[in-house]
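This briefing goes through the fold of one protein chain. Look at the sequence and the structure before reading the points below.

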Amino acid sequence: MQKATIQLETLSCPSCMQKIENAVKGLNGVNHDSLKVLFNASKVKVDFDSETITIKDIEKAIEDLGYPVVKSKVKPA
């Protein structure tokens, strides 16, 4: 497992947070229990299995919803 912190552009509403959470939870290889969407900080924190999914796949799922990713930081769990 790897830990990722994904910085997004400023989130404007709590429903944005829910959409992002649902999209990322739907991805295979994401640890659902670790997922946190931080509204005030506009960040997503998640643990994922790098053999199943890449950080780019997670970023794409978020960006496909219309929320630009500013940067991501990944470290081994």
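The chain has two helices and four strands; helices (H or I, at least four residues) and strands (E, at least two) are DSSP runs, numbered from the N terminus. From the N terminus on, their order is β-α-β-β-α-β. This is a predicted model, in which local features need pLDDT of at least 70 and side-chain atom pairs count only at pLDDT 80 or more, while totals for chains, interfaces and linings use all residues. Residues are numbered from 1 along each chain as its sequence is written, and side-chain values use heavy atoms, with hydrogens and water left out.

- Four strands form an open sheet in the order 2-3-1-4, with antiparallel pairing (two strands pair if DSSP finds at least two bridges between them).
- Strand 2 (30-38) and strand 4 (69-76) are at the edges with a single partner strand each, so one side of each has no neighbour in the sheet.
- Strand 1 (residues 2-8) and strand 3 (residues 43-48) run antiparallel and are joined by six bridges.
- Ile6 has Val44 in strand 3 as its bridge partner.

**Overall form**
- The chain has a radius of gyration of 11 Å, which agrees with the value near 11 Å for a compact globule of 77 residues (taken over C-alpha atoms; the globule rule is 2.2 Å times the number of residues to the power 0.38).
- Along the principal axes, the C-alpha atoms fill a box of roughly 35 × 20 × 20 Å.

**Burial**
- Of the 77 residues, 35% count as buried, meaning under 20% relative accessible area (1.4 Å probe, protein chains only).

Terms used. Buried < 20%, exposed > 50% of the residue type's maximum accessible area, 1.4 Å probe, protein only.
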